[in-house]
There are 2 protein chains.
Amino acid sequence: MQNPVTVEVTRGNLVESRHRGLGAVVDGDGKVLFSFGEAEAHVFPRSASKAMQALPLIESGAADAYGFGNKELAFACASHSGEDAHVAMAASMLGKAGRDDSALECGAHWSSEQAVLIHQARTIEAPTALHNNCSGKHSGFVCTCVHAGMDVKGYVDYDHPLQAEIRGTMETLTGAIIGHQNCGTDGCSIPTYAVPLKGLAHGFAKMATGNTLSAERAKASRRLMDACMAEPFYVAGTNRACTKLMEVAPGKIFAKTGAEGVFVAALPDQGIAMAVKCEDGTTRAAEAMIFALIARYFEKGGEVHTKLMAMANKPMKNWNGIHVGDVRVTDALFA
Amino acid sequence: MQNPVTVEVTRGNLVESRHRGLGAVVDGDGKVLFSFGEAEAHVFPRSASKAMQALPLIESGAADAYGFGNKELAFACASHSGEDAHVAMAASMLGKAGRDDSALECGAHWSSEQAVLIHQARTIEAPTALHNNCSGKHSGFVCTCVHAGMDVKGYVDYDHPLQAEIRGTMETLTGAIIGHQNCGTDGCSIPTYAVPLKGLAHGFAKMATGNTLSAERAKASRRLMDACMAEPFYVAGTNRACTKLMEVAPGKIFAKTGAEGVFVAALPDQGIAMAVKCEDGTTRAAEAMIFALIARYFEKGGEVHTKLMAMANKPMKNWNGIHVGDVRVTDALFA
């Protein structure tokens with residue numbers, strides 16, 4: 001089996017580039033409702049798994065001890081753009097645990113969003129770890145460690161108890177065996193584990209439905225998803241796909257992107273979740289796929305469906321604003 | 001036939017993403033020395049064709065009339081990063097023809113290179129058309145029009161005599177029929193024409209060897225290629241692939257990238273040229289492919305071959321400088 005072309009990029013009347021992809025839509029029982037491509041293939045979820053990685057923040061009692069509300073919880077699941085409000089939120093969360101940015105082990109980088117980078121260049125000398133797109137997740141890690149009495153130093157290491165706990169959580173959710181054999185290092189230095197794409201989708205369906213989870217984990221899962229849906233700016237930022245997607249139908253869509261063309265989403269009211277991966281790792285294709293895949297589960301012709309399909313099939317304009325082509329999804333997503 | 005996986009991106013011990021590609025190496029007679037994938041497929045050359053598009057600048061006599069040397073000619077073939085020296089060069093070329101940036105019809109955009117963008121954000125309010133990565137080509141167009149007595153206004157339009165001349169030039173070089181049926185609009189608003197990838201490579205082989213070209217065109221072609229090889233900074237910029245590639249073996253390698261994963265190169269001493277296209281339009285894969293493809297034609301184990309293969313198989317580091325994976329070329333490029 002091979003991954004079909006799921007997204008085409010046109011120019012004039014011709015197709016200029018093609019993206020292949022795999023995807024799966026799964027319910028809480030693990031039943032595959034729809035799939036395309038090699039949906040059993042192992043995929044690094046990268047940042048798409050952040051809501052799973054944030055479970056210990058709630059389950060340890062840290063989130064309640066530090067009085068974290070929706071903004072903080074959404075931010076703990078974020079790949080943010082490094083906007084001023086994001087940077088302030090990271091500092092605030094760390095402050096609640098009596099720490100500052102020196103505790104963060106994610107590294108520093110400038111924003112990858114052009115408008116934010118221009119603002120940063122004009123207002124700061126250089127970015128700190130607070131500006132790292134993963135600083136929310138890492139601030140959550142630090143808070144969890146401090147509250148749980150774990151050493152903070154080395155919290156990114158495979159053998160640190162927090163990472164061991166996250167491994168166990170991800171095994172329970174995805175049903176995959178996780179260890180050194182499927183471990184890679186993420187951009188922010190924590191371990192990331194390749195799991196079958198269907199298992200990843202099933203994990204989010206479990207989080208959305210609570211199916212097979214302990215009452216405590218089911219509650220923590222919904223609390224994180226609800227926080228993200230309530231505060232989508234803190235999950236990504238201005239004009240970002242995750243934020244726009246969750247704003248299309250407030251409270252109905254949870255969505256999270258990951259590097260190298262991964263995207264996951266859950267529709268809690270419908271008890272389903274889905275995951276896609278662009279074979280070549282390109283974000284524009286992962287976004288188009290998840291937009292169209294979510295649209296399948298909203299009424300055709302309705303407002304949400306129409307908005308999502310307009311995001312999936314997107315005109316491209318050049319520097320003079322001339323329409324030069326389109327990013328468009330193929331029939332592979334509508335079989 | 002289908003395009004093979006030519007580039008893999010690894011993380012830990014696993015392949016995280018895969019790129020498919022097509023490519024062809026052709027001599028001046030049009031003989032295909034090596035190819036992979038659907039090498040007859042139509043591909044928009046985008047900016048990879050800039051040296052072809054710059055021929056009228058020399059053939060019209062404009063380059064000599066305005067005293068253009070290697071820097072100006074290289075810049076007329078450039079997709080530059082918008083560094084200060086690039087912006088100054090665009091203004092200087094336009095000034096020779098008594099014009100300024102108001103004549104440019106390419107639109108304005110911030111640099112896509114992070115370090116340059118940070119510098120721009122700190123030194124200018126907003127970019128002008130001089131900062132557009134295509135401002136060198138467009139300045140060359142304006143100079144050609146002024147010298148040849150053509151209207152400057154509308155020089156980007158399909159029906160403008162300069163674009164008609166470029167169409168004829170590209171037909172002669174690539175052997176493809178060019179017209180509305182294979183025309184798209186480029187990022188900088190000029191027409192771009194999809195041609196078979198082998199034809200694109202053959203066109204550059206003709207430019208490198210002079211084969212089948214008039215003496216005048218053969219001379220103009222070599223003059224442009226020699227200028228690019230002599231002044232690679234003006235073809236791209238600091239740390240850019242085209243610049244680094246031409247610096248590996250000064251005078252031996254001409255190379256030019258194009259948007260959506262296109263790259264062309266010519267080895268004038270060897271009388272060959274080549275073109276690659278990444279099916280999904282990704283630059284990292286186009287670069288890896290062209291590096292490895294050029295390396296085939298240098299002595300294995302020699303300095304140039306070693307440097308090129310080190311560029312083709314590149315370690316990826318995360319924000320903390322940890323080696324997390326590699327971009328690497330596959331056997332499809334070594335069949």
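**Exercise 1. Identify the type of side-chain interaction that joins B:E16 and A:R46.**

Step 1. The side chains of B:E16 and A:R46 form a salt bridge, with an N to O distance of 3.1 Å. The term denotes a side-chain nitrogen of Lys or Arg within 4 Å of a carboxyl oxygen of Asp or Glu.

Step 2. Between chain B and chain A the count is six salt bridges.

Note on the source: this is a predicted model, in which local features need pLDDT of at least 70 and side-chain atom pairs count only at pLDDT 80 or more, while totals for chains, interfaces and linings use all residues. Residues are numbered from 1 along each chain as its sequence is written, chains are lettered from A and ligands numbered from 1 in the order in which they are written, and side-chain values use heavy atoms, with hydrogens and water left out.

**Exercise 2. Describe the side of chain B that touches chain A by element and by residue class.**

Step 1. The elements of chain B that give two or more residues to this side are β1 (5-11), β2 (14-27), α6 (114-123) and β5 (183-185). Helices (H or I, at least four residues) and strands (E, at least two) are DSSP runs, numbered from the N terminus.

Step 2. The largest share, six residues, is supplied by β2(B).

Step 3. By class, this side of chain B has 16 nonpolar, 21 polar and 14 charged residues. Here Ala, Val, Leu, Ile, Met, Phe, Trp, Tyr, Cys and Pro count as nonpolar, Asp, Glu, Lys and Arg as charged, and the others, Gly among them, as polar.

**Exercise 3. Determine how helices α7 and α8 of chain B are arranged, and which residues join them.**

Step 1. Helix α7 (residues 135-148) of chain B packs against helix α8 (residues 161-174) of chain B at an angle of about 110 degrees, their axes being 10 Å apart. Axes are lines fitted to C-alpha atoms, for helices over the stretch in contact, and angles run from 0 to 180 degrees between N-to-C directions.

Step 2. The two helices, α7(B) and α8(B), are therefore roughly perpendicular to each other (a class that spans 65 to 115 degrees).

Step 3. B:F141, B:T144 and B:C145 of α7(B) make the contact (heavy atoms within 4.5 Å) with B:L162, B:Q163 and B:I166 of α8(B).

Step 4. The residues of this contact divide into four nonpolar, two polar and no charged.

Definitions and conventions:
Parallel < 35°, antiparallel > 145°, perpendicular 65-115°, else oblique.
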